[in-house]
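Please go through them for the structure shown here.

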Amino acid sequence: MRTVFTFSLMTLRMLFRRRTLWGILLVILLGLGGIASVPTFDVSNQGRFILDFGLFGIEVGALLLALGLAASLYPRDRETKTIMPLLAVPLSRGQYLMGRFFGAALVQAAALLVSCLGLMLILLFNGLPIPGNLLPATLLILVEGWFLLSTVFFFSFFASPPLNWPLTTMLFIVSQMSVAEFIGLMPSSPGLMRTLRLLLPHADVFHIKDPIAHGFEIEPLYFVVAVFYGLCYSAFMLSLALAVFRGRDLK
Amino acid sequence: MRASLLFAAALLAISGCVEDYDVAEVAPGEHLDEEHHHEEGDYCEECHDDHDHDHAHADEEGVHHSGDATPSGHSHDAGVRNHGTQWFFNQPWAARFIWGKLARDGAMFLLLAGIIFFLSGRRRRR
């Protein structure tokens, strides 16, 4: 465990040195700033609009962060051959994957927290109240981001970064769909589509921007269940990634 | 690897084929029903409203509610579902009856993760 912790700190420092992280964070904050600068025209409930679009922006930011942080980690390690000495003695393949994942997950958490604080500032500047569930809502988006991160790692072991981006984005889009919408993509094969949909996560579990924007209270138990579901699915994707990684010949 | 993937897919299919948790598909009748339902043109005792024309509800003092207007032009008191808001309440956070299924699916994924981890490690040691 200590080895994984040390390696994840190394990954964290390496990712903070990269410009990709700062670029994506800047894009998220600029997006939030753009939402805040939309004129209200004295429309009531402007806060709903800012919250709804702000949380959507953070969610898209989570996707961009997952891709920007993790899509090139393993391919670059392999290209520069740094993976060879790492795996030769100090690290097992599982420890390498977990170290890289936890490092990227911590960076993603920090970036999403900054985005959430940015959204809070925007609400304050507009004289709007900050909902109590805003931080838990960001936590759920973060869990979704970790699921996306594990998916990016899974694809990165057999796909190049340019292919990883569309694959993960496609998974992100279809996991937002309900079963009926997913079957609608190929109505001629409802059985096949239903079975395929079973394998995909239900990303709507992580979305609570509608109730927050409309002032609904959410039971704490829901957060526990949703976080548990997201973490378990991430573990499932990571185990698949590890299975692929263990089967790879690195020579 | 192939065996573990097949095993994972089979387990998922077995667990999920019974029903999926699209709320609209598995919700009990009382969840899907709006607070009360009436057709366009019907007279609604509770709303005191002939739905052929749009108007806002007035309270006892004759003050009109300023809440969100629904397609039929009126809104109900706080806590009472308005017409046409089913999509809102068909989200997982509002559908308590699927939380158990979510937890079950989570546990299933965790179990699968453990099995895949074990099988892939065993294969590698060979």
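The questions and answers below concern aromatic rings in this predicted model.

Q: How many aromatic pairs does the structure hold over all chains?
A: The total is 19 aromatic pairs.

Q: Why is the pair of Phe16(A) and Trp22(A) called tilted?
A: The planes of Phe16(A) and Trp22(A) are 40 degrees apart. Stacked needs under 30 degrees and edge-to-face over 60, so this pair counts as tilted. The centres are 5.9 Å apart, and the limit for pairing is 6.5 Å.

Q: What makes Phe16(A) and Trp22(A) partly exposed?
A: Phe16(A) has a relative accessible area of 31%, and Trp22(A) has 44%. Buried means under 20% and exposed over 50%, so both residues are partly exposed.

Q: Why is the pair of Tyr233(A) and Phe109(B) called edge-to-face?
A: The angle between the planes of Tyr233(A) and Phe109(B) is 70 degrees, with 4.4 Å centre to centre. Over 60 degrees counts as edge-to-face, therefore the label applies.

Q: How do you know that this pair crosses between chains?
A: Tyr233(A) is in helix H12 (residues 220-246) of chain A, and Phe109(B) is in helix H5 (residues 99-125) of chain B. Both Tyr233(A) and Phe109(B) are buried. They also belong to one aromatic cluster, with Phe147(A), Phe206(A), Tyr229(A) and Phe236(A).

Q: What distance places Arg246(A) over the face of Phe117(B)?
A: Arg246(A) lies at 4.7 Å from the ring centre of Phe117(B), and the distance cut-off is within 6 Å. Arg93(A) likewise has its charged end over the ring of Phe245(A), 5.3 Å from the centre.

How values were computed
Residues numbered from 1 in each chain as written. Chains lettered and ligands numbered in written order. Predicted model: local features only at pLDDT ≥ 70, side-chain atom pairs only at ≥ 80, totals over all residues. Heavy atoms only, no water. Phe/Tyr/Trp six-rings, centres within 6.5 Å; stacked < 30°, edge-to-face > 60°. Buried < 20%, exposed > 50% of the residue type's maximum accessible area, 1.4 Å probe, protein only. Helix = DSSP H or I, 4+ residues; strand = E, 2+ residues; numbered from the N terminus. Lys NZ or Arg CZ within 6 Å of the ring centre and 35° of its normal.
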